[in-house]
Amino acid sequence: MVTPVQPTKSVDSPPQMVASVQLSKYDSLGTSCANVSVGSNSGAAPFDICGDSKCSVNVKPSLLEINREKRRAKERSNSVAQLQHLRPGMVLLKNFLKPDDQIEIINLCREVGVGKGGFYTPGYRDGAKLSLRMMCLGKDWNPDSSSYGDVRAFDGAEPPEIPEKFKELVQGAIGASHEFLKGRKGTSNPSVELPPMSPDICIVNFYTSRGRLGLHQDKDESQDSLTKGLPVVSFSLGDTAEFLYGDSRDDTKASKVDLETGDVLIFGGESRRIFHGVSQIKPKTAPKWLTDKSNLQPGRLNLTFRKY
């Protein structure tokens with residue numbers, strides 16, 4: 001299920017290697033109905049991940065499509081989470097988030113995201129910007145300085161708190177990973193391979209169907225957190241993302257795996273500083289029950305939890 005990436009043009013990561021020429025390819029990848037300025041929400045309507053009726057035209061699905069979607073939804077709701085050991089310190093929990101939890105996550109992100117400290121388009125002083133919308137919970141992450149703070153630099157907004165529901169789901173995912181690792185041959189102590197972690201930071205990204213993110217490392221947390229290998233826990237909702245990961249920034253040597261709605265990916269321990277990114281979002285792959293119940297815009301909602 002995990003395959004090496006076919007050689008493609010290397011893409012540098014905006015968060016860790018800032019260059020205006022490299023970043024220009026990420027410009028203008030937001031939604032057409034949300035006019036959010038780079039690094040500022042001043043004078044612009046808040047970005048709503050659950051969309052606006054003006055943003056889309058509803059097309060009545062055929063009976064075949066309706067029945068196919070019902071069958072897929074039933075199969076998914078009846079299935080159990082399948083865990084995959086991608087590499088030491090890296091576990092993928094397929095279909096871990098239950099349908100009701102996914103809807104609640106989207107609703108909570110939408111509620112917080114349209115308020116103060118909510119979604120905006122992150123950018124750099126040279127005018128380059130990332131191809132996603134971002135919101136920070138717990139602490140603010142500044143992509144221009146690659147550092148965390150207690151307020152957002154461009155508007156002074158304090159990051160909203162991480163909802164307790166999110167923390168409970170994170171602990172559940174880490175616990176499930178430990179149980180999975182206990183059953184693996186050669187794993188004597190799951191907590192060593194994948195250390196326990198209580199998040200105080202959550203970065204919420206919304207990718208449109210054209211969004212992507214170059215290979216990068218999450219290494220702006222405290223030295224203590226990085227040294228201990230405290231894991232990053234990633235929730236995926238909405239459209240499927242093609243996720244890349246490897247030991248270097250070279251995407252021709254990276255592996256890839258699809259992250260579908262409801263999947264949870266955890267990487268810590270010796271994989272804590274792994275290079276990772278999103279090479280593409282696969283349009284129209286979100287299940288219809290999810291978009292019908294949440295009204296989530298086309299794209300992918302991603303929450304990454306970590307400990308500062």
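Student: How many bridges join β7 to β14, and which way do the two strands run?
Tutor: In this predicted model, seven bridges join strand β7 (residues 201-207) to β14, and the two run antiparallel. I203 stands opposite T304 in β14.

Student: What about β9 and β14, how many bridges there?
Tutor: Six bridges join strand β9 (residues 232-238) to β14, again antiparallel. The bridge partner of S234 in β14 is T304.

Student: In what order do the strands of the open sheet come?
Tutor: Seven strands make up the open sheet, ordered β2-β3-β12-β9-β14-β7-β4, with antiparallel pairing. The edge strands, each pairing on one side only, are β2 (82-87) and β4 (133-137). From one strand to the next the twist averages 15 degrees.

Student: And β3 with β12, how many bridges?
Tutor: Four bridges join β3 (residues 90-94) to β12 (residues 264-267). M90 has F267 as its bridge partner in β12.

Student: Back to β14. Which residues are on each side?
Tutor: R300, N302, T304 and R306 are on one side, and L301, L303 and F305 on the other. In a regular strand, side chains alternate between the two faces of the sheet. Both faces of β14 are covered, and seven of its seven residues are buried.

Student: Which residues have the most contacts inside the largest nonpolar core?
Tutor: I49, F235, L301 and L303, in a core of 38 residues. Helix α4 (residues 164-182) supplies the largest share of this core, six residues. A second, separate core of 16 residues includes I201, I203, A241 and I281.

Student: What is I49 in contact with, neighbours within four places aside?
Tutor: Among its contacts are I106, C109, F119, F206 and L301.

Student: New topic. How many aromatic pairs are there?
Tutor: The count comes to seven. One of them is F47 with F206, a tilted pair at 5.6 Å centre to centre, with 50 degrees between the planes. F47 is in the loop between α1 (20-23) and α2 (63-78) and F206 in strand β7, 159 residues apart.

Student: Are those two buried or exposed?
Tutor: F47 is buried, because its relative accessible area is 1%. F206 also counts as buried, at 0%.

Student: Which rings cluster with F47, and what sits over its ring?
Tutor: Ring pairs link F47, F119 and F206 into a cluster. The charged end of R133 sits over the ring of F47, 4.7 Å from its centre.

Student: Where does K139 lie?
Tutor: K139 lies over the face of Y308, 5.3 Å from the ring centre.

Methods
Residues are numbered from 1 along each chain as its sequence is written. This is a predicted model: local features need pLDDT of at least 70, side-chain atom pairs count only at pLDDT 80 or more; totals for chains, interfaces and linings use all residues. Side-chain values use heavy atoms; hydrogens and water are left out. Two strands pair if DSSP finds at least two bridges between them. Axes are lines fitted to C-alpha atoms, for helices over the stretch in contact, and angles run from 0 to 180 degrees between N-to-C directions. A nonpolar core is a set of buried Ala, Val, Leu, Ile, Met, Phe, Trp, Tyr and Cys residues joined through side-chain atoms within 4.5 Å. Buried means under 20% relative accessible area, exposed over 50%, partly exposed in between (1.4 Å probe, protein chains only). Contact means heavy atoms within 4.5 Å. Rings of Phe, Tyr and Trp (its six-membered ring) pair if their centres lie within 6.5 Å; planes under 30 degrees apart count as stacked, over 60 as edge-to-face and the rest as tilted. A charge sits over a ring if NZ of Lys or CZ of Arg is within 6 Å of the ring centre and within 35 degrees of the ring normal.
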